[in-house]
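Here are some notes for your reading of the model. They go point by point.

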Amino acid sequence: VIGCVALYRIARRAGRRALDRFPAEKRARVEHMLARYDVLAVLVASVLPPPFPFKLFIVSAGVFRLNLVRLALAVGAGRAFRFSVEAFLAARYGERASALVAQHYPMIGLVVAVVIIALFVAKKHLWRARPSPG
């Protein structure tokens, strides 16, 4: 999280020049995701496995000035979840865990991302569905 905050601050000062290191089509997709989903996009990106361009999300968050506290919380929660799953698999399966993770992690990461997005969408719809008091 500290590294992401440092990268965020550098990108915030460097502005759009920081994004020039990434391909234009990826920058456009990330900008659209951040504009539409805000910190949820960063949360999902922090859970997904490499080669997903996580640093592009952090740099873009700095350039587009997302809230730093919310960004740090999203990165912390996402990384804690990801590494907790990896630690559980290592403790449970030992040496076989690395082969298991290597074989199934992209699918595990995508399933987790879909679940996170579904929970946020459900929360948003349930919040709207509630009648206002009074």
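**Notes on the model**

1. D38 is partly exposed, at 24% relative accessibility (partly exposed lies between buried, under 20% relative accessible area, and exposed, over 50%, with a 1.4 Å probe and protein chains only). D38 sits in the loop between α2 (24–37) and α3 (39–47); helices are DSSP runs of H or I, at least four residues, numbered from the N terminus. The phi of D38 is near 60°, a positive value in a residue other than glycine.

2. This is a predicted model, in which local features need pLDDT of at least 70, side-chain atom pairs count only at pLDDT 80 or more, and totals for chains, interfaces and linings use all residues. Residues are numbered from 1 along each chain as its sequence is written, and side-chain values use heavy atoms, with hydrogens and water left out.

3. R65 also has a positive phi, near 60°. R65 belongs to the loop between α4 (54–63) and α5 (68–93). Most residues other than glycine have a negative phi.

4. S60, in helix α4, is buried at 1% relative accessible area. A polar atom of the S60 side chain lies 2.8 Å from the backbone oxygen of L56. Leaving aside neighbours within four places in sequence, S60 is in contact (heavy atoms within 4.5 Å) with L19, V30 and L34.

5. Not counting residues up to four places away in sequence, V42 touches L34, F54, I58, L66, L71, A74 and V75.

How values were computed:
Helices (H or I, at least four residues) and strands (E, at least two) are DSSP runs, numbered from the N terminus. A polar contact is a pair of N or O atoms within 3.5 Å; within protein, one must be able to donate a hydrogen and the other to accept it, and residues adjacent in sequence count only if both atoms are side-chain atoms.
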